[in-house]
Amino acid sequence: MDENNPKDSNGHGTWVAGVIGANGKFLGIAPECELYVAKVLGDDGVGSYKWLCDALVWGLEEDVDIVNLSLGGDFKTSSLHIDMPFYAFHKVFGYPFLIFS
């Protein structure tokens with residue numbers, strides 16, 4: 001993956017960003033929001049959990065309020081969905097946090 005090219009190769013992320021932040025003729029659900037882009041999949045739609053963790057860490061460092069993820073994968077452990085954000089938050093702030101869903 002080219003870290004300097006955040007181009008959305010399949011259009012899904014661009015579509016979701018438009019649904020959220022559109023502020024032209026049509027309005028998204030949060031037209032006053034500030035959007036940040038972190039591409040975590042290659043042009044082929046494949047990525048790694050490290051890329052995802054790195055993007056979460058970047059988002060925390062940028063002080064984002066909400067993260068939207070539309071992806072899936074081969075989860076080797078049932079706790080992976082909790083381990084990734086826990087790792088990212090702990091790496092940035094040095095202390096753990098809890099996720100409730």
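**Charges, helices and confidence**

Tutor: Asp43 counts as exposed because its relative accessibility is 56%. The cut-offs are under 20% relative accessible area for buried, over 50% for exposed and partly exposed in between, with a 1.4 Å probe and protein chains only. Keep in mind that this is a predicted model: local features need pLDDT of at least 70, side-chain atom pairs count only at pLDDT 80 or more, and totals for chains, interfaces and linings use all residues. Residues are numbered from 1 along each chain as its sequence is written, and side-chain values use heavy atoms, with hydrogens and water left out.

Student: OK, which side chain does Asp43 meet in a salt bridge?

Tutor: That of Lys39, at 2.9 Å from N to O. A salt bridge here is a side-chain nitrogen of Lys or Arg within 4 Å of a carboxyl oxygen of Asp or Glu. Lys39 has 25% relative accessibility, so Lys39 counts as partly exposed.

Student: How many salt bridges does a search of the whole structure find?

Tutor: Two. Lys50 and Asp54 also meet through their side chains, at 2.6 Å, N to O.

Student: Where do Lys50 and Asp54 lie?

Tutor: Both are in helix 2, four residues apart, which is about one turn of the helix. An α-helix has 3.6 residues a turn, so residues three or four places apart point the same way. Lys50 is exposed because its relative accessible area is 54%, while Asp54, at 34%, is partly exposed.

Student: And which residues of helix 2 are buried?

Tutor: Leu52, Cys53, Ala55, Leu56, Val57 and Gly59. Helices (H or I, at least four residues) and strands (E, at least two) are DSSP runs, numbered from the N terminus.

Student: What span should helix 2 have?

Tutor: 18 Å for its 13 residues at 1.5 Å a residue, and the end C-alpha atoms are 18 Å apart, so the two agree. The expected span is 1.5 Å times one less than the number of residues. After helix 2 comes Asp63, with a positive phi near 65°.

Student: New topic: which residues form the nonpolar patch on the surface?

Tutor: Trp15, Val19 and Ile29, with about 370 Å² of accessible area together. For such a patch, nonpolar side chains (Val, Leu, Ile, Met, Phe, Trp, Tyr) are joined within 5 Å, given over 30% relative accessible area and no salt bridge. Areas come from the Shrake-Rupley method with a 1.4 Å probe, and for residues only the protein chains shown count as cover. Ile29 is in the loop between helix 1 (12-21) and helix 2 (49-61).

Student: Which elements have the lowest and highest mean pLDDT?

Tutor: Helix 3 (residues 80-93) has the lowest, 64, and helix 1 the highest, 88. pLDDT is the predictor's confidence in each residue, from 0 to 100. The chain mean is 76, with 67% of residues at 70 or more.

Student: Where does pLDDT stay under 50?

Tutor: Over residues 97-101, for which the model has five contacts beyond four places in sequence.

Terms used: Patch = residues over 30% accessible without salt bridge, like charges linked within 9 Å, V, L, I, M, F, W, Y side chains within 5 Å. Contact = heavy atoms within 4.5 Å.
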